[in-house]
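Thanks for making the time this morning.

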Amino acid sequence: TDAAGKAKGKAKAKEAKAKAKSAAAAKAKAAETLSFSSATSLKEGYDAQANQYGYVNVTDMKAMGKLAEFLTLEPDVVSKEMKALDFDANNLVSFAEFVLWADKHTIGIPLGIDIPDKREWRKGMPSWWTSIPPPSPEEEAMLKAA
C-alpha cells in the first residue's frame with residue numbers, strides 16, 4: 001500500500017521527466033530546422049541562431065557556420081566580421097549589431113521588425129538596447145531628404 005504509492009509516484013515522476021526530455025528534444029529539432037534558408041526575415045533567421053537571451057555568441061562556431069552558410073561566406077570570414085560587429089566586446093552580438101551589417105550584405109531579405117521605412121530601423125529596437133550606434137551623418141541626411 002505505502003510501497004505501492006511510492007512506486008506509483010516514482011513512475012509518474014519518471015513519465016514527467018521523459019515528457020520534458022521529449023519536449024526539449026522537439027524544441028531543439030525545431031530550432032535546428034529553422035535556419036536562414038527557411039527564414040523570411042533577418043530577425044527570424046537571427047532568432048534561430050540566438051541563445052536563450054537573444055544574443056549570438058561570436059565564439060560559437062556552429063552558429064557562425066550557419067550564418068556563413070546563409071550568407072554564402074566562409075565561416076572564418078563570418079566569425080571575423082561578427083567579432084568586429086561586437087561593439088561592446090562581450091563576445092555576444094545583439095540583433096541591433098547584426099542587422100547593421102547583415103542588411104548591407106544581403107539582398108531581398110526584410111528586416112523583420114515593424115517599421116514603415118527600413119532606414120529608420122532604430123525605431124523598431126527596444127529603448128534599453130545600448131549597443132545601437134547613432135545614425136551616421138550620411139544616414140541623417142538621407143532620412144531628412146526622404
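Let me start with Ala89, which sits in the loop between α4 and β2, the latter being residues 92-93; helices here are DSSP runs of H or I with at least four residues, strands are runs of E with at least two, and both are numbered from the N terminus. The phi angle of Ala89 is near 50°, a positive value in a residue other than glycine, and with a relative accessibility of 65% Ala89 counts as exposed, where exposed means over 50% relative accessible area, buried means under 20%, and partly exposed lies in between, using a 1.4 Å probe and protein chains only. The loop between α4 and β2 also holds Asn91, for which phi is near 65°, again positive in a residue other than glycine, although Asn91, at 39% relative accessibility, is partly exposed.

Before going further, a word on provenance: this is a predicted model, in which local features need pLDDT of at least 70 and side-chain atom pairs count only at pLDDT 80 or more, while totals for chains, interfaces and linings use all residues. Residues are numbered from 1 along each chain as its sequence is written, and side-chain values use heavy atoms, with hydrogens and water left out.

As for the overall layout, the protein has 6 helices and 2 strands, and along the sequence they follow the pattern α-α-β-α-α-β-α-α. Of its 146 residues, 29% are buried. If we take contacts, meaning heavy atoms within 4.5 Å, with a separation of 6 or more, then 46% of them join residues 24 or more positions apart.

In α2, residues 42-49, the buried residues are Leu42, Gly45, Tyr46, Ala48 and Gln49. They, too, are on the same side of their helix, since their arc around the axis is only 155°. The whole structure contains 1 salt bridge, that is, a side-chain nitrogen of Lys or Arg within 4 Å of a carboxyl oxygen of Asp or Glu; the pair is Asp47 and Lys43, whose closest N and O atoms are 3.0 Å apart. These two are 4 residues apart in α2, so about one helical turn separates them. Asp47 is partly exposed at 40%, and Lys43 is partly exposed at 23%.

To look at one member closely, Met64 is in contact with Val56, Asn57, Val58, Pro75, Val78, Ser79 and Met82, once neighbours within four places in sequence are set aside.

How values were computed: The arc is that of the directions from the helix axis to the C-beta atoms.
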